[in-house]
Amino acid sequence: PDPSIAVQLCEKLLELLPGDAAVLLSPAMGKPFAEAVRGEPEVVVWLLPDPTDVDSKQTTFVKADKEDVEETFSAMYKLTFPEASEGKVA
């Protein structure tokens, strides 16, 4: 992926996450394509792209002793960018 677009994606997703968090766009093996980090992450979202654009994955990790684990997972379920709901995503 285009590195600048990959970084923008990570940064936009990070803006939607509460507290200290990180977003990685990375293959299963090898270096990440892009990342965005705020503070000491208690939430990490790993975006795993599929080379064929058929079955990309999102994996969310939440620190075990985080107080609102269930609320965090609920907020992440089917997360939508505000621009997508306004029809502004290309």
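**Close-up views of a predicted model**

**View 1. Helix α2 on the sheet.** Helix α2 (residues 69-76) lies across β3 and β4. Its direction runs at about 160° to that of β4. Do keep in mind as you browse these views that the model is predicted.

**View 2. The four-stranded sheet.** Here four strands come together as an open sheet, in the order β2-β1-β3-β4, with mixed pairing. Strands β2 and β4 (57-62) sit at the edges, each pairing on one side only. From one strand to the next, the twist averages 10°.

**View 3. Strands β1 and β2, with helix α1.** Five bridges link β1 (residues 21-25) to β2, and the two strands pair in the antiparallel sense. Look for Leu-24, which stands opposite Glu-35 in β2. Helix α1 (residues 3-16) packs on the sheet, where it touches β1, β2 and β3 (43-48). The direction of helix α1 makes about 30° with that of β2.

**View 4. The whole chain, for orientation.** Three helices and four strands make up the elements of the protein chain, and from the N terminus on they run α-β-β-β-β-α-α. Of the 90 residues, 23% are buried. The accessible surface comes to about 6400 Å², and carbon and sulfur atoms account for 56% of that surface.

**View 5. Confidence along the chain.** The mean pLDDT of the protein chain is 82, with 87% of its residues at 70 or more. Confidence is highest in strand β2 (residues 34-38), at a mean of 96, and lowest in helix α3 (residues 82-85), at 59. A friendly caution: where pLDDT is low, the predicted coordinates should not be read in detail.

Conventions. Residues are numbered from 1 along each chain as its sequence is written. This is a predicted model: local features need pLDDT of at least 70, side-chain atom pairs count only at pLDDT 80 or more; totals for chains, interfaces and linings use all residues. Side-chain values use heavy atoms; hydrogens and water are left out. pLDDT is the predictor's confidence in each residue, from 0 to 100. Two strands pair if DSSP finds at least two bridges between them. Axes are lines fitted to C-alpha atoms, for helices over the stretch in contact, and angles run from 0 to 180 degrees between N-to-C directions. Contact means heavy atoms within 4.5 Å. Buried means under 20% relative accessible area, exposed over 50%, partly exposed in between (1.4 Å probe, protein chains only). Accessible areas come from the Shrake-Rupley method with a 1.4 Å probe; for residues, only the protein chains shown count as cover.
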